[in-house]
Amino acid sequence: MSVCLLWLGLSALWQAADTQAAFTIDQVTLTVLPGNNVASGTNLILRCEAKVSHSLTQPLTYTFSFLQDDQLMYSKNTSASVVERSLSLARVFNSGRYQCAVRIYDKMKTSTSQALRVTGLQVPTLKVKSDIISEGEDIIATCSAPEETGGLSFYFYENDQEVKRVPSKSNSVTTTLTMQKLTDVYLHCVYVVIMHPDAGFSNKSNTVKVIVEDLDAIRPQISISPNANVVEGDRVQITCKVQYPSDLELFLTKGNTVLRQFHTTFTYSLTVRAEDSGDYVCKAEKGTVQRKTDYYLNVTELFSKPILRMRPDPVFEGERFTLTCRSTVSSQKIKKEDIKYTLLKEDRHINSGVDYFTTASLASNGKYSCVAVAKGVNKASQPLDLKAKVPVSTPVIRVIDKVIVGRPFKVSCEAENGTLPITYTLLKAHISLAERRVVEATDKALFSIDSISSPEEIYSFTCQAQNQGPSVSSTSQPLRAEVIVPVSKPVLEQRDITVTEGSDLTLKCLVQKGTYPIIFTWYHNRNPLSTQKVRSLEGSYIIKAIERDQRGDYYCEASNYNTEIKRSYPARIGVSLAVWKKALIGVFCILLLVAIVIVLTVFLKKMPSPRRKKQATELSVLRKTPRPKSGDPMRMSLTLDIEDNTILNGTPCVMGRNVWSENVSGSDSDDHTDVESELVHPQEVDPSKEVLLKKSTEPEYSGQHTEAQMSTPGVSEQAEGAALEYAQLNNSEQEAA
């Protein structure tokens, strides 16, 4: 398709040089002659015709392009409006969809596609290089269809069974066929067109018979001299013999090992040992054909393979040990004394004899072996890898994390030296609590301890380590670690007290026990005030110049090393008024009382004489009334009520004197007599006055919180009554006038 587009582009450039004219391509028609379905070998014509309308007086130049399955197959530039393309002896490869495209200048038109189907494939021909072959020999076969075009895929069959498939870009292929059976075979082939597999397989080719000859003549012979039953140390010769003239490979094998290889008869010699017993096989090969013959050789053992032993096993550094090398006599040809032993370390001679004694150390470690020799036969033992074990050293016991009284914690037990595995035992007061076996170097012996009740209890823990060394076990020193004692419940030293406003308050928080440092925190009504970290069992917090709004509940908390936080019981602190505030209130009360007395005195002195005398008479009557006791409400008092959250702190202010005694002392004796005489005639008293007197005797109380109230029921109300009476008399006199 890309080639087609390239050709059309070049044609457009070539035509661009021509004079432009008015034209149109009306129709492009493609015709396949003699038809669209033809048999193989038919001569075909592809006819393309273009109908064009134009205004030129000279002929137009057409570019005709023929395409098969969208691939350009032929192109031609001409002034004729019809172009034909011949396909001689059409084959299946020519099947497909064809189109014709016509270009004039920059205009192009394509015909409708036409499907061409060519049926019938040529019968292939099969040939072989030789129709008589030997067993194992390959067959060279050629399959061809010379009249076909395009790529073909060839199939080869042996006795109607497909044995090979070979694709080819041409109409012929040559290949090698390997025989599957040791019999005469019949071969044929077929093919398909790669581009048109729907056309199916061709008919079968001619059948070729191939004769396969048996190759049993290459079978070899084997012999062993002097015989097949020998003793270690004997010399043996093994012969492989074959009669076939040439093109052979001859092998002598034992198991999977090739001992000798040659092209013709040969002899293999060896001094036998016990392990040389077994089947010996002589093999002859020609191509893929193999023939073989085997023979069993029996070799009697002269003496056994030596065994190297160590005592004791295992051995620890510092211990004496023995290496012994021994074999057993198996034949009457030798005696026990005829066997000589050699001890090797890292393949170097270190001793001659059966036994070797030494002390285990780092220098004695290595790979040992021994060799036994008799009658020219030598045998080596299996190697012995000696690595003296290291006795376990004294272990060390350590804590993993913090140790807190009353809480679980972990300890580790570890020995610096010692060959694994090592068994560790945790002891408390020499009594076993738990065991751990460490097998890998990355493992650790960890023990969990529930808790301890006191710091001194930590010293009762030890651990033991053992690894079957010379010493039974090794015990560590007692466990030593810092033990954290949690704080006890704290106590706030102050308990429900009242302090004076403006003074300093010291809050002490104490604990009975606890490891330093200890963190103390003070709270006021659940709000934190201060936090201290101290190295003592007590902490202090001072409130400078305490104020009344700082009264309330106080408590403290104590903790150490992220242990449980302990809280004290709360203490209720009250704050009373400052002394100067109390004095100021007292002075205010005195001044208020003096002002009242002065007002009354001035009022009484300004009253007219008759009225004053009458008032004095009434006052004397009242004086004869029983005087109230000190606790009676009729007594003039000044009270200051100060109430805290829970405590009532008061400073009484009673600064009055008996008003009645003062009035009497200021009266004349005559007036006193008049008052007494007037008391004999109560009917002269005005009822309204009685009401006023009755009202004046009713007490008044003050219940205001933290406020000063002054009540003078005996004086102030009498003054109000006298003033009211004076006003009424005044009115009556004016009415009489």
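Here is a quick briefing on this protein, from the overall picture down to a few local spots.

What you see is a predicted model, in which local features need pLDDT of at least 70 and side-chain atom pairs count only at pLDDT 80 or more, while totals for chains, interfaces and linings use all residues. Residues are numbered from 1 along each chain as its sequence is written, and side-chain values use heavy atoms, with hydrogens and water left out.

**Overall picture**

- The protein has seven helices and 54 strands; these are DSSP runs numbered from the N terminus (helices are H or I with at least four residues, strands are E with at least two).
- Out of 737 residues, 38% are buried, where buried means under 20% relative accessible area, exposed means over 50%, and partly exposed is in between (1.4 Å probe, protein chains only).
- The accessible surface comes to about 42,000 Å², and carbon and sulfur atoms hold 50% of that; the areas come from the Shrake-Rupley method with a 1.4 Å probe, and for residues only the protein chains shown count as cover.
- Take the contacts (heavy atoms within 4.5 Å) between residues at least 6 apart in sequence: 63% of them join residues at least 24 apart.

- Strands β4 (residues 62–68) and β5 (residues 71–78) pair in the antiparallel sense over seven bridges; to count as paired, two strands need at least two bridges found by DSSP.
- Leu67 has Leu72 in β5 as its bridge partner.
- Two residues sit between the strands of this hairpin, and Asp69 takes a positive phi near 50° there.

**Around Ser168**

- Ser168 belongs to strand β14 (residues 161–168).
- Ser168 counts as buried because its relative accessibility is 12%.
- The Ser168 side chain reaches the backbone oxygen of Ser172 at 3.2 Å.
- Setting aside neighbours within four places in sequence, Ser168 is in contact with Gly151, Leu152, Phe154, Val173 and Ile194.

**A three-stranded sheet**

- Strands β34, β36 and β39 form an open sheet in the order β34-β36-β39, with antiparallel pairing.
- β34 (396–399) and β39 (445–449) stand at the edges with a single partner strand each, so one side of each has no neighbour in the sheet.
- From one strand to the next, the twist averages 25°, with axes taken as lines fitted to C-alpha atoms (for helices over the stretch in contact) and angles running from 0 to 180 degrees between N-to-C directions.
- β36 (residues 409–414) pairs with β39 in the antiparallel sense over five bridges, and Cys413 stands opposite Ala445 in β39.

How values were computed:
Polar contact = N/O pair within 3.5 Å; in protein donor to acceptor, adjacent residues only side chain to side chain.
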